[in-house]
Amino acid sequence: MLNGGVHKPCEKPNRNLSVGNKKPWNMVVALSPLQVIGFPSLQLHMSGIAMRASQEDFENALNQVKLLKKDPGNEVKLKLYALYKQATEGPCNMPKPGVFDFINKAKWDAWDALGNLPKETARQNYVDLVSSLSSSSESSNQVQPGTDRKQQEYENLVVTSEDGITKITLNRPTKKNAINTQMYQEIILALKAASNDDSILTVVTGNGDYYCSGNDLTNFMDIPPGGVEEKAKQSAVLLRDFVGSFIDFPKPLIAVVNGPAMGISVTILGLFDAVYASDRATFHTPFSHLGLTPEGCASYTFPKIMGPAKATEMLIFGKKLTAGEACAQGLVTEVFPDSTFQKEVWTRLKAYSKLPKNAMKISKQVIRNMEKEKLHAVNAEESSVLQERCLSDECINAAVNFLSKRAKL
Ligand SMILES: CCCCC/C=C/C(=O)SCCNC(=O)CCNC(=O)[C@H](O)C(C)(C)COP(=O)(O)OP(=O)(O)OC[C@H]1O[C@@H](n2cnc3c(N)ncnc32)[C@H](O)[C@@H]1OP(=O)(O)O
């Protein structure tokens, strides 16, 4: 086993407060259905009444709508808004906005036009509508083993498939692959696609010198009309869904940690089936420094993997581990010299991908399934604690310090 390389201390105080390159219309629909721009609504297309969309289908549709490539137009956005409100709150019983309050009046009209449509039907119609909007892009999602094919286009990921291996590359190298809100949603979708494709193994890796610098600290700046409480709630839901998609991932999932890893990109490693690291990689969870608490099920998996004493040093005191240390503590499967890392790891993964597919998949499920319920409960608890922590002075001060270039971790 090799010792990890020494990570150079970071000094460059050069940041701006940009919130990423979201499409302008996406900002409108994606953040909250409340932000839709309105025109008078059309009668809704009712379909699939016999079928009931589950809460999970509905939540997937909510994520999918944010990733539509083309602006669906205001009429469709109004329909989505009205169905969302009906599905989550039931019939409109809000006071009618004034005649000059055009946007809110159009939204109110659209919602009110749904009358007493049952919540379940509204949910189904929402799912159907989103599915009709995204069906063309989804159809290109299937992966054939043995081909090297680029998957659906993502803004912050590159997903390819070759030799039965689906590779999800975190692709914001200029931001050290920090995970912004859209990237969380894209990873959820990419994992969903990989779980349904024909690939045998799924790999997560990073583009550039970092594996991932964790949660994008500018995420907290994007405050919706409901204010910071609403933002904290949305973040907690997103976090729970994100981590849940790793807990539920059905095939062998491998992390190829090409460089330093921070925060949530480290904690979720406990949910991977193998972790291969370059000796340049480091593993750092500075939650206390940020006024935060552990997520990614690490409050459960880390003490199990490395024992409570070592887990405490990482999760409470923010001790940064070298790749060699992380390997000695069981978080990392094996460490490779950076100079031969890619070659050695991919040779190994290609060999593994030739093993019988079903045996590997079922073995993973046998190993993991007993824990699933527990992991979902831990995830829910961690997300709920973080929802409170996001609003704490400790957390807000740490984010402000970073964003105003006063602190680096
Ligand atoms: C959904 C809710 C979940 C909440 C739970 C939170 C979980 C976590 O993940 S906590 C961990 C959060 N991550 C951090 O605190 C890391 C912050 N970043 C840094 O400390 C440093 O940037 C660095 C050590 C990662 C890299 O330092 P250095 O090599 O000197 O490079 P720069 O600082 O110049 O970074 C280049 C560029 O990237 C931006 N950036 C890096 N990391 C993040 C980040 N996590 N969030 C937002 N932006 C990040 C950095 O600001 C630079 O941008 P420009 O100035 O525009 O070039």
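The model is predicted, so local features need pLDDT of at least 70 and side-chain atom pairs count only at pLDDT 80 or more, while totals for chains, interfaces and linings use all residues. Residues are numbered from 1 along each chain as its sequence is written, and side-chain values use heavy atoms, with hydrogens and water left out.

**Helix α13**
- Helix α13 covers residues 357–389, with helices being DSSP runs of H or I, at least four residues, numbered from the N terminus.
- There's a kink of about 50° in α13, centred on K372; the bend is the angle between axes fitted to the seven residues ending there and the seven starting there.

**Aromatic pairs**
- Rings of Phe, Tyr and Trp (its six-membered ring) pair if their centres lie within 6.5 Å; planes under 30 degrees apart count as stacked, over 60 as edge-to-face and the rest as tilted.
- The count comes to seven aromatic pairs.
- F58 and Y84 have ring centres 6.3 Å apart and planes at 20°, so they're stacked.
- F58 sits in α2 (residues 55–65) and Y84 in α3 (residues 74–89), so this pair ties together parts 26 residues apart in sequence.
- F58 and Y126 have ring centres 5.3 Å apart and planes at 75°, so that pair is edge-to-face.
- Y184, F242, F246 and F272 form one aromatic cluster.

**N219**
- N219 is found in the loop between β4 (201–206) and α7 (227–247).
- N219 is buried, with a relative accessible area of 9% (buried is under 20%, exposed over 50%, partly exposed in between; 1.4 Å probe, protein chains only).

Notes:
Helices (H or I, at least four residues) and strands (E, at least two) are DSSP runs, numbered from the N terminus. The expected span of a helix is 1.5 Å times one less than its number of residues.
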